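Please load the model in your viewer and keep the selection panel at hand.

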Protein chains: 2
Amino acid sequence: MVAKYKEHISLKEVASILKENLTPLSKRVRLSTTDTNSSLVGKVLMEDVYAERNIPHYPASAVDGYAICSSDTSYANPASPVEIPEGKFLWVNTGAFVPERFDAVVMVEDTSVEGDSLYVFNAVSKGANIRPIGEDVSKGRIIGRKGELLTPFHKALFAAAGVEEVEVRAPIKTCFIPTGNEIVDIRETNTKQLAPGKVPETNSLLLSELFQTWGFHLDVLPLIPDDPELLKGSIKQAVEEYDLVLVGAGTAKGKRDYSAEVLAEQGKMLFRWLRMKPGRPVMMAVVKDKPVIALPGFPVSTLVASWTVVFPTLQILKRGDISESYLSEAVKTAKQVKTELAEHYSTRQGISEWLRVQCGEVNGKTYSWVTSSGASSMMPLTEADGFSLVGEEVLELPKGSSIEVWVVKENDWINRAVYQGSNDPGIEHLVGYVRDRGGDLIIRSVGSLGGVTALARGECHMAACHLLDPKTGEYNTSYIKRFDINDEWDRILLYRRLQGLIVKKGNPKRIVDVADLTREDVVVVNRQPGSGTRVLLDYLLSQTEIDPKQIRGYDNIAVTHFDAASKVAYGNADVVVGIKAVADALDLDFIPLVEEPFEVIIPRAFLDHPGVKAFRDAITDKVWKETIIKLGGYKLEQ
Amino acid sequence: MVAKYKEHISLKEVASILKENLTPLSKRVRLSTTDTNSSLVGKVLMEDVYAERNIPHYPASAVDGYAICSSDTSYANPASPVEIPEGKFLWVNTGAFVPERFDAVVMVEDTSVEGDSLYVFNAVSKGANIRPIGEDVSKGRIIGRKGELLTPFHKALFAAAGVEEVEVRAPIKTCFIPTGNEIVDIRETNTKQLAPGKVPETNSLLLSELFQTWGFHLDVLPLIPDDPELLKGSIKQAVEEYDLVLVGAGTAKGKRDYSAEVLAEQGKMLFRWLRMKPGRPVMMAVVKDKPVIALPGFPVSTLVASWTVVFPTLQILKRGDISESYLSEAVKTAKQVKTELAEHYSTRQGISEWLRVQCGEVNGKTYSWVTSSGASSMMPLTEADGFSLVGEEVLELPKGSSIEVWVVKENDWINRAVYQGSNDPGIEHLVGYVRDRGGDLIIRSVGSLGGVTALARGECHMAACHLLDPKTGEYNTSYIKRFDINDEWDRILLYRRLQGLIVKKGNPKRIVDVADLTREDVVVVNRQPGSGTRVLLDYLLSQTEIDPKQIRGYDNIAVTHFDAASKVAYGNADVVVGIKAVADALDLDFIPLVEEPFEVIIPRAFLDHPGVKAFRDAITDKVWKETIIKLGGYKLEQ
């Protein structure tokens, strides 16, 4: 069958397709202007509003002073003030009524009272310091126009002008229908005991939070299993009650892919698939004049499909138009910042790509790092400082490329120390303590050698390493000397960590030392080249003259202690070299190998950086130290 | 008495004073992560959050395809696919559980099913297309850090990781206490029948809307009259229950000015008066460890004092710090735009000033106009496109100065036609109709001559005029020819308007023609030089050989028909020249003088401008035409 609708549309086509096919909501509501518990902000006015009364509605004093007759002051000057007798003047506060027998107000600074008389030092003209009736708003004037988006200032104006209710466009009623046999309603399930293959339904949480930040509400409907008839019925009912219907998952080309058929059968398909990564499998239709959007299932895909399709749809329904900058508005960008990409990144030509990035400022330069490219990963979303949309014309982003980041976190990066180097749970625990001290800490786990290199290149404020020199058996010094040519770096020996072999609980494969790694029934997971732990393993292998090629899984890479040990915990590998703290955390067995010094290196020029200062103070914190000791395998040096 | 606290502080001192004297709120609450009707966005996390389970918690397929044993595919290639018999493969959707007897997933695109067998066209390695347990988040990992501001992404992450509740900083409880004998609670009063001197309390509406846009809630307490003892009692009670207390008015130096005494007596004063216009009379104290801010009474002063003092106070209480860009965050700036000031503006050195501005784009240049400088005027707030903060070092802003505008309205100015010229109620009614057609219209009432001049200078898209040539008795042509040198302007005769003498209902002064304006008992109000109505009056005076000096109030200026006629309606003048529509609207008597053509002039280069097109279509609208006719004194030409 040939599709009768557009497929694989570009991001740039979305707005025009929506504008062609959708119209603003016609429903209206009348809202009170005097209720402090509801809000008019962001509502669209559906009528011209006319002032019911004047503001001010009486001649009002514009100053604190005395109401007088201007003719009584005609000859006043500082050298010879005029005396005005009792009864011919009246004290008025700012805003007070000036009775008709007076025609001006003289400021208190230009007067003095002696006995019962008022002395005036300067002549005032008729009408001086009196706000005439209707000065701000005259009765009958238009004070709000049809189509206007209401600001925080309108409510007070309407109420002051005697308008007690205004007609605005009704709120857009949106619902989300989660679908899928594998999905479990999170509100009805103890998520800790989910069966394999069962996925907690969390996209409704993501979507409702997005709607909240956009100023809309989302109703989450009961989830429905994979059944075209049930989906059909659910959509049919939803378009009766709602102005916009979102359907979860069912948009890929798998066996369950009947959403397209259901939508095409019930209404007019507008498009299927966006040339966007992630978020490609999104489709949209109009069913009984109501827009229906089928969203992809992965959380990051749901998110970017919401930004690119759901948000502009809400704009059309609300305002009849899509703003030029709708994408950055959808993302709720606090600011847009040009940054320098700190690592090379490859993208695909012909497809727009959303990057999640973290940022840091070192020596006045703002760097950004891409945190992940997986559509299924939620963690990088919460860690991201912002997002960058790479256009479909871009193929490669070499290290050093300038990319614009749409910042979503209210961060003043000036207080943020950038840490690159060895991955360490103790450092991860430190972040809260650094923040308590007014600083911030961003951790890039690039391995010990990566950290020292980045420090030499000026791409971070501090590095951390535990690098064994195979020639000398000494830690760190030789590596640091190679880069710290002018001896400008301070070294802090933070603690010693116990490294060893991490194996499954009960050590089922009876692994006792490094020699066991060559066994046929043993699969390892390794750390990335340049990490101190990898250097350690290679050193131990060379000491025992083991060829890495003999080891199953030697090229199987994990970039943090936790990720590596998790692979042992969940059956992907039998053993990994790692620190005791992680073995303890995951309830794994641990065979000690060496105790290594873990050093933090800070160029002296950065010692007064507010983030670095907070870091240096945080590592003296007693509570943090106690936490580290409890992790296991740490020996504090200070 | 010598004040023991800072007076007349600069805007720049506010943040440091707040940081020195305030600490973040210590109260905490636990919130659900699975409730789609509440939100975590913008909350501050008060604990490190650890994953309670892995994401994914089972080996999950990363694609739609078949789970297989990788060793069964070792020799597969497109030329000779391998056959895998029934029972040794299993269909898996993306995200589905991959049972332990399989160790890889082959994408559906790389397979075909024939009979009961699966044919695989490419070899896959162990673990291919399987997301290992804990790939996104491993159990025990930190997934939220103390001090972190939660984003729309956190809730779904927490819920997916089995964390059902998180501890966040409690919402900041703020109250507002309106004060003043002149104030009337708007919820308890029919505001249309207010006595002179009585002011409806609308600052609570403005403040609650501001709090709403900032994501906070404001409780409005009962208003209290001007009585130091009552104020003292109210503050005493409020600081027990609330984290931040706002007090309305009572901050100027009038007779009622006891707020300073009350605050100084009950707590520690932090400062009094800001070197800011408007909003100077603001003061702040700490009473029983709670910040108390006394706000000025005028609405614009309340607003800017809220931006500059209340918002950063909320930031400190919520996050322990004030962001660098707190002012633009308080204003809720959508974007910051450099504009060219279209009119000269004088400010005062040593004082920061907030300008309310409107903007328009003509020929690629963005212009801004200051709408008003009065602290008591609410209308210019709702009309403003944005605000501009003029630093205390600035004295004069000549026409053409570059000023940065913090835009608060979501406007795409590209669709906005800029109208300068004669003030006319018919045009004012047109705005909604222009908006209905996807355009926008900004009206600058600068008088007929001002409009034609601005058009010649390229500062608007259209002008409107009704300019009588005293020499020829003909309208508009001679003025237009003077500026439209190359004959590039189109003229649209919109309608004819009836001009006349507007007098009080019943014409108590028995005014019959222009000659009466010279009477001793008659005070006029005049329109500004360059307005068509002024030109008309001057023409009529010269015709009857009246010297303007003979007329009382000739220098008494109003810049719109409405403002001018209002002065007659509310007793500031006896007569004004103006159009019948306005006399009718204000229920005034009208003595006809002349019928004048009202023309709109548009350079042909702008005819296709989206705003101008919408305007040209809007003037053909039947409903608008009917409205105009109903206004009175209009005769339509088309």
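Begin with domain 1 and domain 2 of chain A, whose centres, taken over C-alpha atoms, are separated by 34 Å; the bounds come from an automatic or database domain assignment, which gives 6-22 + 173-327 for domain 1 and 28-55 + 136-169 for domain 2. This is a predicted model, in which local features need pLDDT of at least 70 and side-chain atom pairs count only at pLDDT 80 or more, while totals for chains, interfaces and linings use all residues. Residues are numbered from 1 along each chain as its sequence is written, chains are lettered from A and ligands numbered from 1 in the order in which they are written, and side-chain values use heavy atoms, with hydrogens and water left out.

Next, show both chains and select the interface, where 118 residues of chain B are in contact (heavy atoms within 4.5 Å) with 116 residues of chain A. Chain B and chain A bury about 9,600 Å² between them, 58% of it on carbon and sulfur atoms; this area is the accessible area (1.4 Å probe) lost by the two parts on being put together, summed over both. The interface holds 8 salt bridges, each defined as a side-chain nitrogen of Lys or Arg within 4 Å of a carboxyl oxygen of Asp or Glu. To see one of them, pick Glu209(B) and Lys155(A), whose closest N and O atoms are 3.7 Å apart. Helix 3 of chain B gives 8 residues, the largest share of the side of chain B that touches chain A; helices here are DSSP runs (H or I, at least four residues) and strands likewise (E, at least two), numbered from the N terminus.

Finally, inspect some backbone angles. Most residues other than glycine have a negative phi, and most peptide bonds are trans. Glu545(A), however, has a positive phi of about 55 degrees and is exposed (over 50%), with a relative accessible area of 73%. Asn476(B) also has a positive phi, near 70 degrees, but is buried, at 0%. A cis peptide bond joins Ile55(A) and Pro56(A), with omega about -10 degrees.

Methods
Buried < 20%, exposed > 50% of the residue type's maximum accessible area, 1.4 Å probe, protein only.
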